[in-house]
Amino acid sequence: MKGRILLIEDEKKIAEIVKAYLEKDGFEVVHAENGEKGLDEVKNGFDLIILDLMLPDMDGEEICELIRKDSDIPIIMLTAKSDEEDRVKGLSMGADDYVVKPFSPRELVARVNALLRRTRPASRLLSFNKGILVIDTDKFEVNKNGTPVTLTPTEFKLLQTLAERPGQVFSRAQLVNIILGYNFEGYERTIDAHVKNIRHKIEDDKRHPQFIKTVYGIGYKFTGIPDEN
Ligand code: CA
């Protein structure tokens, strides 16, 4: 999986085509068909947002501004407006790139890849607590005190999700959504089982975890201290 993309687009046909092309290129795509649903999804841990400028309930510029209030996630705007002035306006709202409709899905996929290359840190090594815990998100490897730790793909995804956003509290429902790709009623408790397994593998003292802490009544947060590169 190359990354998670949130597609906020009301035109069903365009959304289907874009989703198919991105998935074929190795991305996971969550589609929201209006602004409200899109904003609701933003918190669920994405690598990039594709945002249509003209939505039935809100306009893309407004959504872009709202997202930018607390996130620097890469945003590509989709729009039918093509003149220079609108382009500049879209970018000043905080969008990183701009694709004018009608566009070729291949071009959009290329822009997505280019933007991710531009915005992602060169190293995909996440290191915490002075190198005690190191997560290599390219190789799907985890090292604890220099020793490789074997995690299942689900455990890895869960740990990566938490570790990429230290301090951010994730609810169980959010984590289910991220790990399984959609809301799965009744599966929240499976997250507890996965966390238990991860703790068993990476924590010195499972009763006093230093990396994944339980947030009572809500879910979990990652409390490792990121090392400076
Ligand atoms: Ca539209």
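Into which domains is the chain divided? Colour residues 3–119 as domain 1 and 125–222 as domain 2. Keep in mind that this is a predicted model.

**The two domains**

Start with the whole chain in view. The centres of domain 1 and domain 2, taken over C-alpha atoms, are 28 Å apart. Now turn to the interface. Seven residues of domain 1 are in contact with eight residues of domain 2. Between them the domains bury about 600 Å². Of that area, 37% is on carbon and sulfur atoms.

**Across the interface**

Select glutamate 28 and lysine 157 and show their side chains. They meet in a salt bridge, 3.0 Å from N to O. The count between domain 1 and domain 2 is one salt bridge. Look for polar contacts too: two residue pairs make them across this interface, both at pLDDT 80 or more.

**Helix α3**

Next, select residues 60–70, which form helix α3. Show Gly60, Glu61, Ile63, Cys64 and Ile67; these are the buried residues of the helix. Look down the axis of α3: the buried residues fall within an arc of 155 degrees, so they line one face of the helix. An α-helix has 3.6 residues a turn, so residues three or four places apart point the same way.

**The N-terminal cap**

What caps the N-terminal end of α3? Select aspartate 59, the capping residue. One of its side-chain oxygens lies 3.0 Å from the backbone nitrogen of glutamate 61. Glutamate 61 is also among the buried residues of α3.

Note on methods. Residues numbered from 1 in each chain as written. Predicted model: local features only at pLDDT ≥ 70, side-chain atom pairs only at ≥ 80, totals over all residues. Heavy atoms only, no water. Buried < 20%, exposed > 50% of the residue type's maximum accessible area, 1.4 Å probe, protein only. Helix = DSSP H or I, 4+ residues; strand = E, 2+ residues; numbered from the N terminus. Arc of directions from axis to C-beta. Polar contact = N/O pair within 3.5 Å; in protein donor to acceptor, adjacent residues only side chain to side chain. Domains from an automatic or database assignment. Contact = heavy atoms within 4.5 Å. Buried area = accessible area lost by both parts, 1.4 Å probe. Salt bridge = Lys/Arg side-chain N within 4 Å of Asp/Glu carboxyl O.
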